[in-house]
Every structure is written in C-alpha cells, then in structure tokens.
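Here is a short walk through one protein model.

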Amino acid sequence: MQFEDLYQAISTTAWEKAKQIKLLICDIDGVFSDGRIYLGNNGEELKAFNTKDGFGIKALIDCGIEVAVITGRHSQIVQQRMTSLNVTYIYQGQENKVVAYDELKAKLNLSDDEIAYIGDDGPDLPVMERVGFAVAVNDAHPLVKHIAHYTTLMPGGFGAVRELTDLIMLSQKHLLTSKGSST
C-alpha cells in the first residue's frame, strides 16, 4: 500500500526522512487538540483528544519508536492523556522548547536526523528548524508550514498525529502491525 492511497502524495525527501525516525516529538495544543481550550465557571479546563491519534501513538511505541511531548502550557489533562498512551517523555511548561529537545536528544543518544517534530505555531519553530523531519499540521501558521518537510492533510486535533504515525510506520514497514486500543 502506498501512503498516497491513504492520505496524499508525499515527496521522496519526506519519505526518506520518515524512514530514519526513532523519536517523534509532538506539541499538544493545536496538534493533539484543535487548539481550543474550554474553561468552566469553576476554573476547570477541558480539551478534546482524537482516539485515532491515540491509537497511532500507541502503535508507534509498539513498533519501538519513542514518543515525547513538549508543550508550553502545563495541564493535568495532558499528563493524564499522555500517560494513558504510554508516552514516557512529557515536558510541560516549556517556554523554550529547545531546552527539552536537547535533553531528550542527549538522553536517547539520537542525532537530529533521527527525530521528527510535529507543530502548529511560532513556539515550535526553533525545534522544527533542528530536527531531521519537521511536520506541520494542515491548519498550522504559514511560517510553520513554510519550514516543514511535510504538511499533514488532516488538521490538528482531527487525525494529524495519526497521519504522521501512519507515515512513519508505513515508511518503516510497520503499518497496522500493532494491536491494542486508543484509550
């Protein structure tokens, strides 16, 4: 099966970059969620997450690829969701995402070429400029799309993460070999 049969045409360069990935780093707001934050009268915060994205993350981890999140905000909801998906590396409250990126890269002994990052807005640019495979969600800011090696067909919060996990797994011949649930 070809990737374009599932989503859209992809350049040879992006395909080759996806083959090398050993770590996927994701932003949260605007990537795992649609970027909206719901606030209740009592200060509670709510976010919606897509179960397809969740299954994609679990499948990627099952294939031996590490997953991390780096987000500028801090939220118990994010901690709970990422923990339920077995994401080991959760960096919240990161105003300078490069600091967390450098720590992860050193901890996992990886090169930039072995790391993918998916983002949607300005705070993601410094990391996206360094990774081997920079990905923008479809509804990302134009500057993010400009530097991305690949822009998803799907918007943030609506399957963009799943599209990227499918791309990585398909390029590495692992697509849909994983079992489990998206919890």
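Predicted model: local features only at pLDDT ≥ 70, side-chain atom pairs only at ≥ 80, totals over all residues.

A salt bridge is a side-chain nitrogen of Lys or Arg within 4 Å of a carboxyl oxygen of Asp or Glu.

The whole structure holds 13 salt bridges. Another one joins R36 and D34, at 2.8 Å from N to O. R36 is partly exposed at 48% relative accessibility. D34 is partly exposed too, at 23%.

Now turn to helix α8, residues 160–171. Here R162 and D166 form a salt bridge of 3.0 Å, N to O. They sit 4 residues apart, so about one helical turn separates them. R162 counts as buried, at 16% relative accessibility. D166 is buried as well, at 6%. Elsewhere, shared partners link D29, E45, K47 and R73 into one network of salt bridges.

What about D53? This residue lies in helix α3, residues 51–62. D53 is buried but has no salt bridge. The nearest side chain of opposite charge belongs to R162, 7.1 Å away. Beyond its neighbours within four places in sequence, D53 has contacts that include V31, F32, G157 and R162.

How many lining residues are nonpolar, polar and charged? The lining has 1 nonpolar, 3 polar and 8 charged residues.

Notes. Residues numbered from 1 in each chain as written. Heavy atoms only, no water. Nonpolar A, V, L, I, M, F, W, Y, C, P; charged D, E, K, R; others polar. Helix = DSSP H or I, 4+ residues; strand = E, 2+ residues; numbered from the N terminus. Buried < 20%, exposed > 50% of the residue type's maximum accessible area, 1.4 Å probe, protein only. Lys, Arg positive; Asp, Glu negative; His and termini not counted. Contact = heavy atoms within 4.5 Å.
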